[in-house]
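Student: I have a new structure open and would like to learn how to read it. Can we go through it feature by feature?

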Amino acid sequence: MENKKIEHVSSYYAATINEAINYPVLKEDISSEVCIVGAGFTGVNTALNLAKKGYKVVLIDSARIGWGASGRNGGQLISGFTFSDKFERWGEDIAQSVWKLGADCTDLVRQTIEEFEIQCDLKEGFIEVALNNSQMNELVARKEEWERRGYQHNLTLVDKNQIKNYVASSNYIGGMIDSGSGHLHPLNLCLGEAKAAANLGVSIYEQTKALKVNPGKEVLIETAHGSIKAKNLVLAGNAYIGKLNPKLRRMIMPANSCIIATEPLGNERAKQLISKDMAVCDLNTILDYYRLSADQRLLFGGRWNYSGKEPKNIDQNLRKRMLNVFPDLHDLRIDYAWGGNVAVSMHRIPQLGRLTENIFYSQGYSGHGVAPTHMAAKIIASAISNEWDMIDTLSRIKHIQLPGGKWFSSPAMSLGMLFYRLKDFLASKS
Ligand SMILES: Cc1cc2nc3c(=O)[nH]c(=O)nc-3n(C[C@H](O)[C@H](O)[C@H](O)COP(=O)(O)OP(=O)(O)OC[C@H]3O[C@@H](n4cnc5c(N)ncnc54)[C@H](O)[C@@H]3O)c2cc1C
């Protein structure tokens, strides 16, 4: 009996897909040089990189290409490999390497878009907005550090008066513009990258869940209607890895983030709201992030919870937050509301490594993965082809494994949320 098909969640992105391509379900036993489990940005781009190097690759997803966070996110293409500002904790050589990965990762996405002519509404410019003095100080320090380390794009600080030229909200006391970051339609990007990979010979299977991994010189991946024997395996399930690998699951906390899309604002109103059409993000731990879509809707995201479960009434809750930033938008209809899971790592840095000599993984982008996943994919593909040992440098970062079971059930996670809310509240009084 056929299992029920899992489709993309109903979202602004799913409603505006450029080209709907269905890939088949795996229904036989096959073999390959590399098998990749998970077809989000990490998996698709690892496949694309390997196909460009001439590898025979199989890519499977339990649902659709871009079904996970990659096809549902805020579309903010932001420089930086980690959410952490404390690079020094890893020692200076790792700090500079990690920083450089972050400085280069948005350009990597631009190159892919250009090389494969992917239509994904790419717009340049990102403004990080400060709600209080301590956040503004954070931006000043970041600008100083990034310039000292050699950032190739412009970082420009703006004060309370100037910020109104960019974002029509009276909430902010300043911000920083990064000309190296921007925003895009993430699902169309992911689907475009998958199509490019398929054109280069990658075998893609949707509705094909990896049920069991049998390690060995050749890894055997079992699915419901077939299997894959591969010399190398890449696990790219991120927040959705579930029971397939309990060790990877314990290294991350799945957290939920949600987005609403308003009705189109029209040219004039859109220009008044975010006049230079940049992506916007505040610096709270439980942050608000927003931008305009190509058809000038406001896509407004936020409201994390650490239970990994989708909250109820996303539209009403996020509308309240949106009106807190833009009270004048009270008349706007909300056309779409959806959520998805991000994988938060304890140090807020992506986790890349090997489980065995030939089983690789990358996960834990901590809500900031659109650009870093592309860099992670390049690193993993280059580890498989023995061309770049960055994975070994990153493996030196010690990641904490969380205990399983009830400690990481919803109540414990909710307590964690409370802690972060309190932290943001205290900072707002500074
Ligand atoms: C609401 C939301 C907003 C966000 N906003 C931003 C943003 O604006 N900017 C930013 O940089 N980042 C953002 N992020 C984070 C970013 O989207 C992620 O970090 C990134 O997409 C992770 O990509 P991935 O490929 O590792 O994982 P995913 O895209 O989650 O892909 C994992 C895939 O693995 C598949 N899978 C899992 N287990 C199996 C299995 N056993 N067999 C087969 N397939 C399996 C899943 O079906 C899924 O398709 C946001 C995330 C969310 C949820």
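Predicted model: local features only at pLDDT ≥ 70, side-chain atom pairs only at ≥ 80, totals over all residues.

Student: How many helices and strands does the protein chain have?

Tutor: Helices (H or I, at least four residues) and strands (E, at least two) are DSSP runs, numbered from the N terminus. Here the protein chain has twelve helices and 17 strands.

Student: What does the radius of gyration say about the protein chain?

Tutor: The radius is taken over C-alpha atoms, and the globule rule is 2.2 Å times the number of residues to the power 0.38. For 430 residues, a compact globule would come near 22 Å; the protein chain has 21 Å, which agrees. Its C-alpha trace spans about 60 × 45 × 45 Å along the principal axes.

Student: What share of the residues is buried?

Tutor: A residue is buried if 20 or more other C-beta atoms lie within 10 Å of its own, exposed if 12 or fewer, and partly exposed in between; C-beta atoms are placed from the backbone. Of the 430 residues, 48% count as buried.

Student: Is Y12 buried or exposed?

Tutor: Y12 is buried, because 22 other C-beta atoms lie within 10 Å. Y12 sits in helix α1 (residues 12-15).

Student: Which residues is Y12 in contact with?

Tutor: Two residues are in contact if their C-beta atoms, placed from the backbone, lie within 7 Å. Leaving aside neighbours within four places in sequence, Y12 contacts A261, S293, R297, L299 and Y336.

Student: And where is N245?

Tutor: N245 lies in the loop between β10 (227-235) and α7 (246-250). N245 is partly exposed, with 19 other C-beta atoms within 10 Å. N245 and V213 are 32 residues apart in sequence, yet 8.5 Å apart in space, C-alpha to C-alpha.

Student: How are α2 and α6 placed?

Tutor: Start with the axes: lines fitted to C-alpha atoms, for helices over the stretch in contact, with angles from 0 to 180 degrees between N-to-C directions. Angles under 35 degrees count as roughly parallel, over 145 as roughly antiparallel, 65 to 115 as roughly perpendicular and the rest as oblique. The axes of α2 (residues 41-52) and α6 (residues 186-199) come within 9 Å and cross at roughly 30°. The two helices are therefore roughly parallel.

Student: Which residues make the contact of α2 with α6?

Tutor: From α2 come F41, V44, N45, A47, L48 and A51; from α6 come C190, E193, A194, A196 and A197. They divide into nine nonpolar, one polar and one charged. Here Ala, Val, Leu, Ile, Met, Phe, Trp, Tyr, Cys and Pro count as nonpolar, Asp, Glu, Lys and Arg as charged, and the others, Gly among them, as polar.

Student: At what angle do α2 and α10 pack?

Tutor: The angle is about 45°, with the axes 8 Å apart. So α2 and α10 are oblique to each other.

Student: How do α3 and α10 cross?

Tutor: The axes of α3 (residues 92-115) and α10 (residues 370-384) come within 8 Å and cross at roughly 90°. That makes α3 roughly perpendicular to α10. The residues of this contact divide into seven nonpolar, three polar and two charged.

Terms used. Residues numbered from 1 in each chain as written.
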